[in-house]
Amino acid sequence: MVMSFEWSWQYHFPPFFTLQPNVDTRQKQLAAWCSLVLSFCRLHKQYSMTVMEAQESPLFNNVKLQWKLPVESIQIVLEELRKKGNLEWLYKNKSSFLIMWRRPEEWGKLIYQWVSKSGQNNSVFTLYELTSGEDTEDEEFHGLDEVTLLRALQALQQEHKAEIITVSDGRGVKFF
Amino acid sequence: GLITLEELHQQVLKGRGKFAQDVSQDDLIRAIKKLKALGTGFGIIPVGGTYLIQSVPAELNMDHTVVLQLAEKNGYVTVSEIKASLKWETERARHVLEHLLKEGLAWLDLQAPGEAHYWLPALFTDLYSQEISAEEAREAFP
């Protein structure tokens with residue numbers, strides 16, 4: 001399902017799908033691709049992707065133009081995102097990745113704000129309650145995938161604002 | 001690098017706020033000609049019904065200029081088109097296109113059918129925004 005997403009002008013520009021030989025032009029091109037990937041994933045609340053999915057996604061496949069970014073170039077865009085701290089490979093074989101259109105620290109901040117605002121410091125939550133509970137339905141982090149959530153909580157843990165603990169059937173977190 | 005006169009006009013109007021009414025495209029042309037005379041690297045290239053304004057001192061000679069003018073119709077140009085329209089040898093056409101790529105004025109498209117297409121983003125954004133406005137107009141007044 002592709003929701004109404006406003007593609008940037010570059011997406012309609014055929015050469016955007018050819019890795020540019022000019023170094024300066026290529027830098028601009030890669031920056032535009034990175035922006036596009038992050039905006040797209042943010043709109044669709046997509047937290048991770050496989051390389052296969054990426055190849056077939058409208059993101060790298062402009063169906064109307066019939067132009068697609070070749071897989072070697074997709075890899076270069078992904079590497080660029082990784083260098084900027086917006087992507088993390090999930091497995092050694094680089095078949096899928098986390099796409100962090102919001103940094104784990106930022107997610108952590110949002111979660112902690114909600115906890116404090118609702119006066120729930122010193123409470124314990126299961127991971128499920130945080131991402132799928134009724135109470136968080138209106139929050140931006142509702143629906144967050146588990147890996148990204150754990151990263152966010154780890155960031156809070158480092159700031160001594162939370163502690164990841166084991167609960168009866170999995171993991172939970174205590175906020176301070 | 002390169003920008004169409006229309007695009008430049010839009011940007012200037014945006015920047016001037018309530019004084020926007022008093023800057024015409026002719027005013028812009030006059031101003032740019034003055035800047036050009038001062039040797040600041042500005043250039044004006046007539047293309048089709050409008051002008052391309054060059055804002056960075058890229059080395060552009062007559063060959064480059066005439067190819068830019070050829071690109072105005074579709075936003076891109078190819079070696080074949082240059083050879084057919086301008087009666088040039090392949091090498092001369094390639095040389096100019098390589099230069100435009102090197103100056104960052106053109107982007108390469110290797111997925112176009114047949115041969116490589118060389119696109120000018122400056123011309124494209126103009127064509128693209130025209131298309132969008134036409135579409136928006138059609139949607140607003142079916």
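Begin by selecting chain B of this predicted model and follow the chain along its sequence, where the elements come in the pattern β-α-α-β-β-α-β-α-α-β-β-α, with 6 helices and 6 strands in total. If you colour chain B by accessibility, buried residues account for 39% of its 142 residues, while the chain exposes about 8,300 Å², of which carbon and sulfur atoms supply 54%.

Next, select residues 2–4, 43–47 and 50–54 of chain B, which are strand 1, strand 2 and strand 3. These 3 strands form an open sheet with antiparallel pairing, in the order 1-3-2. Strand 1 and strand 2 of chain B stand at the edges, each with a single partner strand, and therefore each has one side without a neighbour in the sheet. Looking along the sheet, you will find neighbouring strands turned by 30 degrees against each other on average, direction ignored.

Now zoom in on strand 2 and strand 3 of chain B, which run antiparallel and are joined by 5 bridges. Which residue of strand 3 is the bridge partner of I45(B)? Select L52(B), which takes that place.

Finally, show helix 1 of chain B, residues 5–16, which lies across strand 1 and strand 3 and runs at about 85 degrees to strand 1.

Conventions:
Residues numbered from 1 in each chain as written. Chains lettered and ligands numbered in written order. Predicted model: local features only at pLDDT ≥ 70, side-chain atom pairs only at ≥ 80, totals over all residues. Heavy atoms only, no water. Pairing = 2+ DSSP bridges. Helix = DSSP H or I, 4+ residues; strand = E, 2+ residues; numbered from the N terminus. Axes fitted to C-alpha atoms, helices over the stretch in contact; angles between N-to-C directions. Contact = heavy atoms within 4.5 Å. Buried < 20%, exposed > 50% of the residue type's maximum accessible area, 1.4 Å probe, protein only. Areas by Shrake-Rupley, 256 points an atom, 1.4 Å probe, with all protein chains shown as cover.
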